[in-house]
Amino acid sequence: MSKLVGPEDGVLITQYRNGNEAAFDLLVDRYKSKVYTTIFLIVKDQDVSEDLLQDVFVKVVHTLNSDKYNEEGKFQPWVMRIAHNLSIDHFRRNKKMRMVRATDEFDVFDTLHSDDLHAEDAMVQDQIYQDVRHLVQFLPEDQQRVIAMRIERDLSFQEIADETGVSINTALG
């Protein structure tokens, strides 16, 4: 078993919870390669894997900041479970495709896949987007900018951190 370089995970988590963002950066550096590999082996797509890697650490930040994480020396298995679950969720979402048939009789060769949204789905999606746009207006200006960079410009959290001059932890938060 390999020995950790630097403080143990529990110490870094405590330091992060006490305001030391560099401690979280060490955790990210320690596990990002393993987490990425786990994700990539499931989704087999580099871009999706990079997005899910960021999502994993966003979830970690939210959990640590909400004091829902119970440190029992199990950070690595916990973060790997998050990576696995998010990867499987992504895989499941992308496998749900609407089936369209020309007749009422089933013929496997007449079956077509369609990713088009039905009118009701499109209306629901439009309403969600409107609600989110409305709610974003209530966020502080710096958070609005981060959302705009992430959603409208499709920047990664690392790119956002670089552009705004903050650590990736701050950008994730």
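Colleague: What is the relative accessible area of S87?
Modeller: This is a predicted model, and S87 is found in its helix α4, residues 75-95. A residue counts as buried when its relative accessible area is under 20%. S87 is buried, because its relative accessible area is 0%.

Colleague: Which backbone oxygen does the side chain of S87 reach?
Modeller: A polar contact requires a pair of N or O atoms within 3.5 Å. The side chain of S87 comes to 2.8 Å from a backbone oxygen, and that oxygen belongs to A83.

Colleague: With which side chain does the side chain of R81 make a polar contact?
Modeller: Two positions may be compared with R81 here. V35 is 46 residues away from R81 in sequence, with a C-alpha to C-alpha separation of 9.3 Å. The polar contact of the R81 side chain, at 3.2 Å, is with the side chain of H84.

Colleague: How far apart in space are S49 and Y36, C-alpha to C-alpha?
Modeller: S49 is found in helix α3 and is buried, with a relative accessible area of 0%. Leaving aside neighbours within four places in sequence, S49 is in contact with Y36, I39, F40 and V43. S49 and Y36 are 13 residues apart in sequence, and their C-alpha to C-alpha separation is 6.4 Å.

Colleague: At roughly what angle do the axes of helix α1 and helix α2 cross?
Modeller: Helix α1 covers residues 9-17 and helix α2 covers residues 21-43. Helix α1 passes α2 in a left-handed crossing. The two axes come within 7 Å, and the angle at which they cross is roughly 145°.

Colleague: Which residues in α2 do D9, L12, I13, Q15 and Y16 in α1 meet?
Modeller: The meeting residues in α2 are E21, A23, F24, L26, L27, R30 and Y31. By class, the contact has eight nonpolar, one polar and three charged residues.

Colleague: What is the phi of K44, which is not a glycine?
Modeller: The place of K44 is in the loop between α2 and α3, and K44 is exposed, with a relative accessible area of 60%. Most residues other than glycine have a negative phi. K44 is not a glycine, yet its phi is positive, at about 55°.

Colleague: Why are the buried residues of α7 on the same side, and what arc do they cover?
Modeller: In helix α7, residues 157-164, the buried residues are F157, I160 and A161. They lie on the same side of α7 because they cover an arc around the axis of only 100°.

Colleague: Against which helices do the buried residues of α7 pack?
Modeller: The buried residues are F157, I160 and A161. Just after α7, G165 takes a positive phi of about 75°. The buried residues of α7 pack against α3 (46-65), α6 (141-152) and α8 (168-172).

Colleague: Which residues is S156 in contact with, leaving aside its neighbours within four places in sequence?
Modeller: S156 lies in the loop between α6 and α7, and its relative accessibility is 17%, so S156 counts as buried. R153 has its place in the loop between α6 and α7, and counts as partly exposed at 45%. With neighbours within four places in sequence left aside, R153 is in contact with A148 and E163, whereas S156 is in contact with Q54 and R150.

Colleague: What percentage of the 173 residues in the protein chain is made up of buried residues?
Modeller: The secondary structure of the protein chain comes to eight helices and two strands, and its elements run α-α-α-α-β-β-α-α-α-α from the N terminus on. Among contacts between residues at least 6 apart in sequence, 46% join residues at least 24 apart. Of the 173 residues in the protein chain, the share that is buried is 27%.

Definitions and conventions:
Residues numbered from 1 in each chain as written. Predicted model: local features only at pLDDT ≥ 70, side-chain atom pairs only at ≥ 80, totals over all residues. Heavy atoms only, no water. Axes fitted to C-alpha atoms, helices over the stretch in contact; angles between N-to-C directions. Helix = DSSP H or I, 4+ residues; strand = E, 2+ residues; numbered from the N terminus. Left-handed = near helix turned anticlockwise from the far one by under 90°. Contact = heavy atoms within 4.5 Å. Nonpolar A, V, L, I, M, F, W, Y, C, P; charged D, E, K, R; others polar. Buried < 20%, exposed > 50% of the residue type's maximum accessible area, 1.4 Å probe, protein only. Arc of directions from axis to C-beta. Polar contact = N/O pair within 3.5 Å; in protein donor to acceptor, adjacent residues only side chain to side chain.
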